[in-house]
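Biologist: Please take a close look at one part of this model, a pair of neighbouring strands, and then proceed from there to the rest. Please write for a student who is new to such descriptions.

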Amino acid sequence: MMNPELRRNLWLELSLHRLIAMPGVLALVFGLIYALNRDAPAEPLASASAMLFVAICIVWGTLHAGDAVIAEVRGRTWDGQRMSAVDPWPMTLGKLAGATVFAWYGGILCMLVFLACSPEISAPQIAGMLVAGALLLQALALVGGIAAARKGVVRSGPGGWAVAVLFLVGGPSVAALSGNEEPVLWWGREWARADFMFCTLAVFAAWAVFGAHRLMCQELQVRTLPWAWIAFLLFLAGFVSGFAIRASDAWSQVRNVHFAGALVVSLAAVYPLLLAEVSAPMALRRVLFRLRTGERRRALEEAPLWPLTLALAALFTLLTMLVAGGRRAEGELFAAVQLAPLPLLLLAVRDAAIFMWFSFAAQPRRVEASAVLYMVVLYGLVPAILRAMDARALADLVLPPFWDRPGYAVAVAGVHALLAVAAAVWRWKRNYAIRAE
Amino acid sequence: MPHPHPAAVVASGVLFEYPGVRALDEVSFEVPAGSVTALVGPNGAGKTTLLRCLAGLERPMLGSIHVAGVDVLEEPRAVHRRVGFLSDFFGLYDALSVARCFAHAAAAHGVADADIDGAVQRTAQRMGLAGLLERRAAELSRGQRQRVAIGQALIHAPQVLMLDEPASGLDPEARHALARLFTQLREEGITLIVSSHILAELDEYSTHMLVMRHGRIVENRALEGAVAGLARVRLAFAQAVEALEAKLAALPGVRVLRAEADAAVLELHGGAEAQAALLRALVQAGLPLSEFALERENLHESYLRTVGAAPS
């Protein structure tokens, strides 16, 4: 039995007209390039086909993947899909492959031209990277689309964000790859740069597809525990830490770097979760109701991920500080983190509390935008202005000096966290606390 | 009296909240299998939220819901196979033909590939859309789109069908056709829960009434005439009858609901035969009977009476 969601998309995306038009238009474009470069057409054709792949498959396909769920919410067909008997995997894969099938149709044609014309020996590796990159961005866009739909967003956008990420993060990486033949040092071993890039993109694409599936599980009311998220954070910590580990490192040093990497990753993950999750206040009330009735497993299933991630960050803060034991580590990443794990954690707690403060309003509006504005003010504007006015002591009260005076930073960040948490708790009690009735 | 049918829906202590609003306040009720329940109440009473919780689209914070014998909170996907749901603001895949809309709905609800064509044809016939199968959904009228949406919710032969404001925006003819369809579905044994503001329309086919207000169930009962063998009979006499109430009360199987000098309303147990026997007894008793009519309580009146009696 064919995946119903994929079949529906095939009906919508692959009309006879479109099936003929895509190769027709591409043939005209490549024909024009050939006509303009008759003497040496191979390289221009290869460049054009790669650029067209980026435009069709990566940009256009990603926009379609990002809109796959949101368009259904907007068209009021999503409830029908959620009521269907289609399981999360077929729904995820049907959406990912189905929404982008026409883009892939054009992209594969471009890739065939690229492979046929490129004079580069590494053309298959470049093709592999482009394909893996496209899959990664499309899957990320689908993740963004599902997350946005869960928050009630009905306008298009997550796909555009994914494309922005491509140009801001992926672009420089690809440029570095093409201009640098040096191997990558990761987990103490040297890896051929192109192979490393391809494997990285492919593995993260697989994680992104898995992430889309886990979000789809939630959307389709399939019960899931948050182990996949923890597994991803630990994987990411391992990946990041790998760059700071040398072959000569002792086991204890590898462990320490890994703890520090996990701390950095889990702290960094708190912020996108606060922005993306349907977190407060009803979700928190729901969890508290579950706990009150003794449904602990269900409470864990329905809990937002940011508190769990913050708890994980606290654990790795503790581990990092314990194993550091006052020693200065050799790895740069670890050395930096060793100085200031606790104030970093406390500031993350403060920032989460600021998010919650806005969320716990009686009629919460523009929570994310307001909280982000406050972050910009607290981390950027006010310290910058105070430093510009030579009021360094005051600036240190707003943005604690993690690197210079860790003890002082802990005290300042602790006061920040305490005040923010107290304010959030006060607002929660006023508007949302569960009272005996 | 035990209910003749097992419950198709059992909700217990269901609580659901939006920021600042308790949409469902520990709601408990049962819906008998094979019934058509009119879910009524003012705007904001919680009807739509309740339907979405029953359909497994929203997860309540507390409570339990069983639909067609399946725990909605534990196995929502299993419930989706047994339930059809039509939202008040539904959408269709406008670029698809009606046939493909139905075929997708059937496949998505687990109908086997070999059975899909048959299901599409049957549903199109039932919904009066057989002549429009190749028409794109975008080209259909409001009433036709409504029928496609209901057909999609029905195509997998659900045991329970929930519809939120299914007649809104329909012309009187389409509404009448919808009422006929619901009556037919009920006769086929499907349990229906229909939320609507148009009480006159619900009156045509509903057997039960579930009244909500401020997130609570104000009343849940069978409508008179829906309980097997129970009928209300209105009598009128050509002239005043002395001790009319006592004379009527003496008749077998009769309960006097209201009696005046020349008119009365009785509740009668038994079907058509009991009604014939009553008529015979009245004539034999020499009462100057001028009118004998079955009376069914109007849903609108019943609703207003219920709401009027409920604390605000």
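Modeller: In this predicted model, Val256(B) has Leu266(B) in strand β13(B) as its bridge partner. The two strands concerned are β12 of chain B, covering residues 254–259, and β13 of chain B, covering residues 263–269. They run antiparallel and are joined by five bridges. Between β12(B) and β13(B), three residues form the link of a hairpin. In a regular strand, side chains alternate between the two faces of the sheet.

One of the residues involved is His66(B), whose bridge partner in β5(B) is Asp71(B).

How much confidence does the predictor place in chain B? The mean pLDDT of chain B is 86, with 92% of its residues at 70 or more. Within chain B, helix α3(B), residues 98–108, has the highest confidence, at 95, while helix α10(B), residues 299–309, has the lowest, at a mean of 68. For chain A the mean is 87, and 89% of the residues reach 70 or more. Here the highest value belongs to helix α5(A), residues 88–99, at 96, and the lowest to helix α15(A), residues 332–339, at a mean of 54.

The next step is to see how the chains meet. Chain A contributes 38 residues to the contact, and chain B contributes 42 residues. Together the chains bury about 3,600 Å², of which 54% is on carbon and sulfur atoms. On the side of chain A, the residues that lose the most area to chain B are Trp11(A), Met83(A) and Gln221(A), which together make up 21% of what that side buries.

Side chains of opposite charge can pair when their charged atoms come close. Six salt bridges are found across the interface of chain A and chain B. In one salt bridge, the side chain of Arg298(A) meets that of Glu74(B), with 3.0 Å from N to O. Over all chains of the structure, the search finds 33 salt bridges. One salt bridge within chain A is formed by the side chains of Glu219(A) and Arg82(A), at 3.6 Å from N to O. Because Glu219(A) lies in helix α9(A), residues 193–219, and Arg82(A) in helix α4(A), this pair ties together parts that are 137 residues apart in sequence.

How values were computed:
Residues numbered from 1 in each chain as written. Chains lettered and ligands numbered in written order. Predicted model: local features only at pLDDT ≥ 70, side-chain atom pairs only at ≥ 80, totals over all residues. Heavy atoms only, no water. pLDDT = per-residue confidence, 0-100. Helix = DSSP H or I, 4+ residues; strand = E, 2+ residues; numbered from the N terminus. Pairing = 2+ DSSP bridges. Contact = heavy atoms within 4.5 Å. Buried area = accessible area lost by both parts, 1.4 Å probe. Salt bridge = Lys/Arg side-chain N within 4 Å of Asp/Glu carboxyl O.
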